[in-house]
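Work through the exercises below with the sequence and the model at hand. Each task is followed by a solution in steps.

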Amino acid sequence: MCQILLIDDMQPVRHAIAATLRKAGHEVVETDDGNKGLEIVSKKQFDLVITDIMMPASDGTDVVYALKSAKAGPKVIAMSGGGAGIPAKEALQLSTSQADAVLKKPFTNEDLIETVSGLTSN
Amino acid sequence: MQKQSDQGYQALETILGDSPDLLKSLLEGSPDTISLSDARQPDLPLTYVNPSFCETTGYGSEEALGRNCRFLQGEDTNQDDVSIIRKAIAERLPVDVVLLNYKKSGEPFINALRMAPIFDKSGDLSAFLGIQRDITKERLRTERDLAQNRLEALGTASGALAHQLNNLLHPITSLISLHLPDIADPAIRKDLEVSLYSARQAADLSNNLLGLSRGKFHDSSDVTMLPDGLIRAVELVRLMLPPTITLETDFETPAKDLRVPISETLFAQVIINIVTNAAQATKNIGIIRIELSEFEDSRVRISIADNGPGIPKTLRDKVFTPFYSSKKEKNGSGLGLSVVLQIINKVGGNIIVSDGLIQPDGDGIGCMFTIDLQKIT
Ligand SMILES: Cc1cc2nc3c(=O)[nH]c(=O)nc-3n(C[C@H](O)[C@H](O)[C@H](O)COP(=O)(O)O)c2cc1C
């Protein structure tokens, strides 16, 4: 069982991911915005942060950067929607290279659970 | 400024009066084609053509002089363009027209013609001046760039669309598959399986869109991977065709990652062009079969066959000349296949036209375009 913070601005997507994680026995805190997410992390200990990096309102790439710059932060999974036409292409590449794992949407529940347990079991 | 240029003209006239050679040097050295018709003789015969005229049209001055310039026109010259010239001549007005002309060899070219009446000192019409320029190359280039931009825009738009679709589809597939195992009633489970299946199909479709956009049409790399690049191009063209067209594909290749020396954007443009032509040929209700094969160790062949009315053997070379189009369809620019051939030739490839699929009524045979490309080893 892990403590997971989930950041995604699309409520239905977030709901589905959280439901999948909870069913697998994890404890999930949800938020829809990168800045709120960082605030939550500063107050509570998490094993893992899963964040969308392409939220129009707040930049998920900043979240990855902030968390991975800290010394003993949680593991980070970056979720990307793929596709072209997203302006912050370099930022995106940077954050995917910094994250501990990347999940490309659309991913299956099995992909999600496998990636999470791969990062948190050892 | 005004004063200076007036003075310039005066100086020019003085020099011209003194040195008739100047006019000759100007005309003979001009990269533009210059022609002069005598307005005092019936049917405006040409009385002067400069060397560039002969170079551009292929006609020697002895062949051109004494004839009306309409000998440059031909089968596919648009008569509306011609009547614009006719009207300007009747009204003694200058005119700019872009029209299709033909060289002596029969090769068509786009002629940007400027025609102007010339009046003598007493104000009488003495001649018509024609300045022509062959703008075929520029047109082809513009056309190619436009098509490329359209593809890139489509790629970007489909990427954005796919991204949104994925976000909408994720909760559907994820939540149904999450809860499906807990459903005890087999009938309900069956229903949910159907909706899960449909959502997954939609996600596949969306991923195809994404594959199209995922940088593929943006890269400047001059390499296309086959069959992947072909699969993407076919997915794209499928979206452009009415569902009444049947697309059959056979991309079975001995080797998997074939590489051909052409950027994927241009490659896609070629495929889309030929396939949409084929679809039109079948009046949008036929079969188009696309096959990929390797031959002679180092070459790759992509054939696109349709079961439309076909192209008579005598006309098969003609389809690649600019502006050739079966006259019925007025919407095409007429540049399609000539651009396609140009693109393929440029990368050292070739396109051959041959017999395609048997027509639905069994009477005739459609058309097949085979693209032959060198593969990168
Ligand atoms: C000086 C001059 C140059 C012309 N140059 C061209 C030309 O390059 N290409 C063309 O198609 N027509 C050209 N024309 C137009 C044709 O000669 C002719 O006037 C036109 O076809 C309209 O007349 P028609 O309807 O009797 O043929 C030129 C006409 C003049 C007077």
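**Exercise 1. The ligand and its surroundings**

Task: In this predicted model, find which residues come nearest to the ligand, and say which classes of residue make up the shell around the ligand.

Solution. 
Step 1. The ligand has 21 residues around it, and those that come nearest are Asn68(B), Arg70(B), Gln73(B), Arg86(B) and Asn101(B).
Step 2. Sorted by class, the shell consists of eleven nonpolar, eight polar and two charged residues.
Step 3. Several elements of chain B supply at least two shell residues each: β1 (33-38), α5 (79-91), β3 (95-102), β4 (108-119) and β5 (125-134).

**Exercise 2. Polar contacts of the ligand**

Task: Using a limit of 3.5 Å between N or O atoms, state how far an oxygen atom of the ligand is from the side chains of Gln73(B), Asn111(B) and Gln132(B). Then say what share of the ligand's area the protein buries.

Solution. 
Step 1. For Gln73(B), an N or O atom of the side chain is 2.8 Å from a ligand oxygen.
Step 2. For Asn111(B), the distance between a polar side-chain atom and an oxygen atom of the ligand is 3.0 Å.
Step 3. For Gln132(B), a side-chain N or O atom is 2.9 Å from an oxygen atom of the ligand.
Step 4. The ligand taken alone exposes 610 Å², and the protein buries 92% of that area.

**Exercise 3. A mixed sheet in chain B**

Task: Give the strand order of the open five-stranded sheet in chain B, name its edge strands, and place the helices α8(B) and α10(B).

Solution. 
Step 1. The order is β7-β9-β10-β12-β11 in chain B, and the pairing is mixed.
Step 2. β7 (246-250) and β11 (350-358) of chain B are the edge strands, each pairing on one side only.
Step 3. From one strand to the next, the twist averages 20°.
Step 4. β11(B) and β12(B) (residues 365-374) run antiparallel and are joined by seven bridges. In this pair, Ile351(B) has Ile371(B) of β12(B) as its bridge partner.
Step 5. Helix α8(B) (residues 228-240) packs on the sheet and touches β7, β9 (287-295) and β10 (299-306) of chain B; the angle between its direction and that of β7(B) is about 175°.
Step 6. Helix α10(B) (residues 336-346) lies across β11 and β12 of chain B, at about 125° to β11(B).

**Exercise 4. A parallel sheet in chain A**

Task: Give the strand order of the open sheet in chain A and explain why one side of each edge strand is left without a neighbour.

Solution. 
Step 1. The five strands follow the order β2-β1-β3-β4-β5 in chain A, with parallel pairing.
Step 2. At the edges stand β2 (27-31) and β5 (101-104) of chain A; each has a single partner strand, so one side of each has no neighbour in the sheet.
Step 3. The average twist from one strand to the next is 20°.
Step 4. Five bridges pair β3(A) (residues 48-52) with β4(A) (residues 75-80) in the parallel sense. The bridge partner of Ile50(A) in β4(A) is Ile77(A).
Step 5. Helix α2(A) (residues 34-43) lies across β1 (3-7), β2 and β3 of chain A, and runs at about 160° to β1(A).

Terms used. Residues are numbered from 1 along each chain as its sequence is written. Chains are lettered from A and ligands numbered from 1 in the order in which they are written. This is a predicted model: local features need pLDDT of at least 70, side-chain atom pairs count only at pLDDT 80 or more; totals for chains, interfaces and linings use all residues. Side-chain values use heavy atoms; hydrogens and water are left out. A residue is near a molecule or strand if one of its heavy atoms lies within 4 Å of it. A polar contact is a pair of N or O atoms within 3.5 Å; within protein, one must be able to donate a hydrogen and the other to accept it, and residues adjacent in sequence count only if both atoms are side-chain atoms. Accessible areas come from the Shrake-Rupley method with a 1.4 Å probe; for residues, only the protein chains shown count as cover. Helices (H or I, at least four residues) and strands (E, at least two) are DSSP runs, numbered from the N terminus. Ala, Val, Leu, Ile, Met, Phe, Trp, Tyr, Cys and Pro count as nonpolar, Asp, Glu, Lys and Arg as charged, and the others, Gly among them, as polar. Two strands pair if DSSP finds at least two bridges between them. Axes are lines fitted to C-alpha atoms, for helices over the stretch in contact, and angles run from 0 to 180 degrees between N-to-C directions. Contact means heavy atoms within 4.5 Å.
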